[in-house]
Amino acid sequence: MHLAMKPKSTEKVTSSGTSVQSSAISDNIFYVRVAADAACHIEIGVNPTATTSSIYLPADDYEYFKISPGEKVAVIGTVNAYVTELTE
């Protein structure tokens, strides 16, 4: 799926095998794109902890997610993940 939305900002979230959270998503943001340079797992929520049972994201791939302002994206793996906030 490709969404016709404008990127607002991108945050690099680096995990070295433990769950790491992004910053809270900005007000009026309802979609994010998460891209990863290595296979990883992600979790979305107010205070998320990613585990190996969380959503799987393959290496060098990306996915779009619906999200609410104030929520965060947690990542686990040996990975740099990029969380891009999207605006309409």
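**Questions on a predicted model**

Student: As what does Tyr62 count at its relative accessibility: buried or partly exposed?
Tutor: Buried means a relative accessible area under 20%, exposed means over 50%, and partly exposed lies in between, with a 1.4 Å probe and protein chains only. The relative accessibility of Tyr62 is 35%, and therefore Tyr62 counts as partly exposed.

Student: At which pLDDT do side-chain atom pairs count in this model?
Tutor: Residues are numbered from 1 along each chain as its sequence is written, and side-chain values use heavy atoms, with hydrogens and water left out. This is a predicted model, in which totals for chains, interfaces and linings use all residues and local features need pLDDT of at least 70, while side-chain atom pairs count only at pLDDT 80 or more.

Student: Which residue forms an aromatic pair with Tyr62?
Tutor: Rings of Phe, Tyr and Trp (its six-membered ring) pair if their centres lie within 6.5 Å, and their planes count as stacked under 30 degrees apart, as edge-to-face over 60, and as tilted otherwise. By this rule the count comes to 1 aromatic pair. This pair is edge-to-face, with 5.9 Å centre to centre and 90 degrees between the planes, and the partner of Tyr62 is Tyr64.

Student: Which residue lies over the face of Tyr62?
Tutor: A charge sits over a ring if NZ of Lys or CZ of Arg is within 6 Å of the ring centre and within 35 degrees of the ring normal. Lys66 lies over the face of Tyr31 in this way, at 5.2 Å from the ring centre. For Tyr62, the residue found over the face, at 5.9 Å from the ring centre, is Arg33.

Student: With which residue does Glu85 form a salt bridge?
Tutor: A salt bridge is a side-chain nitrogen of Lys or Arg within 4 Å of a carboxyl oxygen of Asp or Glu, and a search of the whole structure finds 1 of them. The closest N and O atoms are 3.9 Å apart, and the partner of Glu85 is Lys8. The pair links distant parts of the chain, 77 residues apart, with Glu85 in strand E8 (residues 78-87) and, in strand E1 (residues 6-16), Lys8. Glu85 counts as buried because its relative accessibility is 6%, while a relative accessible area of 48% belongs to the partly exposed Lys8.

Student: How many bridges join strand E4 to strand E7?
Tutor: Ile44 has Val73 in E7 as its bridge partner, and Glu43 stands opposite Ala74 in E7. E4 is also joined to E5 by 3 bridges, the two running antiparallel, and His41 stands opposite Tyr56 in E5. Strands E4 (residues 40-45) and E7 (residues 72-76) run antiparallel, and the number of bridges that join them is 5.

Student: How far from Glu71 is the nearest side chain of opposite charge?
Tutor: Glu71 is found in the loop between strand E6 (61-66) and E7. Contact means heavy atoms within 4.5 Å, and, not counting residues up to four places away in sequence, Glu71 touches residues including Ser23, Ile25 and Ile44. Lys and Arg count as positive and Asp and Glu as negative, with His and the chain ends not counted. Glu71 is buried yet has no salt bridge, and Lys66, the nearest side chain of opposite charge, lies at a distance of 8.5 Å.

Student: What positive phi does Asn28 have?
Tutor: Asn28 lies in the loop between E2 and strand E3 (31-36), and Asn28 counts as exposed because its relative accessibility is 64%. Asp60, in the loop between E5 and E6, has a positive phi of about 55 degrees although it is not a glycine. Asn28 is not a glycine either, yet its positive phi is about 65 degrees.

Technical notes: Helices (H or I, at least four residues) and strands (E, at least two) are DSSP runs, numbered from the N terminus. Two strands pair if DSSP finds at least two bridges between them.
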